[in-house]
Amino acid sequence: MRQCLVIGSPNVGKTLLCLRLAQACGLKWAFIMHELPDGAVQERVLTIRDAMVTLVSPRRYTTVGIQTVGVGMSAAIGRRLVLHDSTGLSEESHDDALIRRGMARTLTLMVQTEQIVHVVDAAALDKGVLSPIDTLILEVSRERNVPYTLVFNKMDAPGAARQTELYRKRDRRTRPLMMSALRGQGVDDMQRVLSRTNVVN
Ligand SMILES: Nc1nc2c(ncn2[C@@H]2O[C@H](COP(=O)(O)OP(=O)(O)O)[C@@H](O)[C@H]2O)c(=O)[nH]1
Ligand SMILES: [Mg+2]
């Protein structure tokens, strides 16, 4: 089973993207293993719908620690992928020690994982430029030379299309995959990319 880390800043839609992907793969239930920053493991089985209500939130740092969602890719592909949803990373340290530990665990996984999905809030870009933490994630991923996908999420939000256009003019090498986890748009593309190996965009 291929291990894939879903990484990015807080509140960019990482958790919703994981659940949308599970839904697109036909899962009705999400088996979620929640690794808490203190090392304890909590297992929960939720319907995808309940998971969306419980785990997706406009509050920053709702995901503390690593949430693992097993996603069965299509039978034709016959491959399984394990998505590790992670604590949002930010440049500044956080007052809460649990969140700091969650971030540290995310960084550890970034250098160990077999595949990286890097989620960015397209509407939050400034003049089409990635934030310092997103630039760091992109550079480390390239150094690691594992399949890497840059996802521009929240394409439904005002300004997202313009920011994406500006980004593309600056960086023609990295082709972001555009999606709206909220509306479920772009999930098929995501599935296609994840089911191929050795994809680096
Ligand atoms: N407009 C818009 N909002 C989204 C989208 N994806 C996620 N959100 C919202 O962004 C907030 C954070 O989502 P969440 O998945 O918890 O982000 P995480 O902190 O990166 O895991 C929630 O209020 C979501 O409903 C999207 O594609 N478009
Ligand atoms: Mg989350």
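## A loop residue with positive phi

Asn-145 is found in the loop between α4 and β7; helices (H or I, at least four residues) and strands (E, at least two) are DSSP runs, numbered from the N terminus. Asn-145 has 9 other C-beta atoms within 10 Å, so it is exposed. The cut-offs are 20 or more other C-beta atoms within 10 Å for buried and 12 or fewer for exposed, with partly exposed in between; C-beta atoms are placed from the backbone. Phi of Asn-145 is positive, near 60 degrees, although the residue is not glycine. Most residues other than glycine have a negative phi.

This is a predicted model: local features need pLDDT of at least 70 and side-chain atom pairs count only at pLDDT 80 or more, while totals for chains, interfaces and linings use all residues. Residues are numbered from 1 along each chain as its sequence is written, and chains are lettered from A and ligands numbered from 1 in the order in which they are written.

## Other positive phi values

Lys-127 is another residue other than glycine with a positive phi, here near 50 degrees. Lys-127 sits in the loop between β6 and α4 (132–144). It counts as exposed because it has 9 C-beta neighbours inside 10 Å. Gly-26, which follows α1, also has a positive phi, near 90 degrees.

## The chain as a whole

The chain contains six helices and eight strands. Read from the N terminus, the order of elements is β-α-β-β-α-β-β-α-β-α-β-α-β-α.

The C-alpha trace spans about 45 × 45 × 35 Å along its principal axes. Of the 201 residues, 37% are buried. Among contacts with a separation of 6 or more, 73% join residues 24 or more positions apart; a contact is a pair of residues whose C-beta atoms, placed from the backbone, lie within 7 Å.

## Strands β1 and β6

Strand β1 (residues 2–8) has five buried residues out of seven, so it is largely enclosed by the rest of the structure. β1 pairs with strand β6 (residues 115–121) in the parallel sense, over five bridges; pairing requires that DSSP finds at least two bridges between the strands. Leu-5 has Ile-116 of β6 as its bridge partner.

Val-120 also lies in β6. With 25 other C-beta atoms within 10 Å, Val-120 is buried. Ser-9 is 111 residues from Val-120 in sequence, but the C-alpha to C-alpha distance between them is 7.1 Å. Apart from neighbours within four places in sequence, the contacts of Val-120 include Gly-8, Val-12, Leu-130 and Asp-134, as well as Leu-150, Val-151, Phe-152 and Asn-153.

## The nonpolar core

The largest nonpolar core holds 39 residues, and those with the most contacts inside it are Val-6, Leu-17, Cys-18, Val-120 and Val-151. Such a core is a set of buried Ala, Val, Leu, Ile, Met, Phe, Trp, Tyr and Cys residues joined through C-beta atoms within 7 Å. Helix α1 (residues 14–24) supplies the largest share of this core, six residues.

Val-151 belongs to strand β7 (residues 148–153). It is buried, with 26 other C-beta atoms within 10 Å. Leaving aside neighbours within four places in sequence, Val-151 is in contact with residues including Leu-17, Val-117, Val-119, Pro-176 and Met-179. Arg-49, by contrast, is 102 residues from Val-151 in sequence and 23 Å away in space, C-alpha to C-alpha.

Nine of the 11 residues of α1 are buried, and the helix is mostly covered. The buried residues are Lys-14, Thr-15, Leu-16, Leu-17, Cys-18, Leu-19, Arg-20, Leu-21 and Ala-22.

Ligand 1 is surrounded by 20 residues, the closest being Gly-13, Lys-14, Thr-15, Leu-16 and Leu-182; a residue is near a molecule if its C-beta atom, placed from the backbone, lies within 6 Å of it. α1 gives the most to this shell, with three residues. The shell is made up of eight nonpolar, nine polar and three charged residues. In this division, Ala, Val, Leu, Ile, Met, Phe, Trp, Tyr, Cys and Pro count as nonpolar, Asp, Glu, Lys and Arg as charged, and the others, Gly among them, as polar.

Methods:
Two residues are in contact if their C-beta atoms, placed from the backbone, lie within 7 Å.
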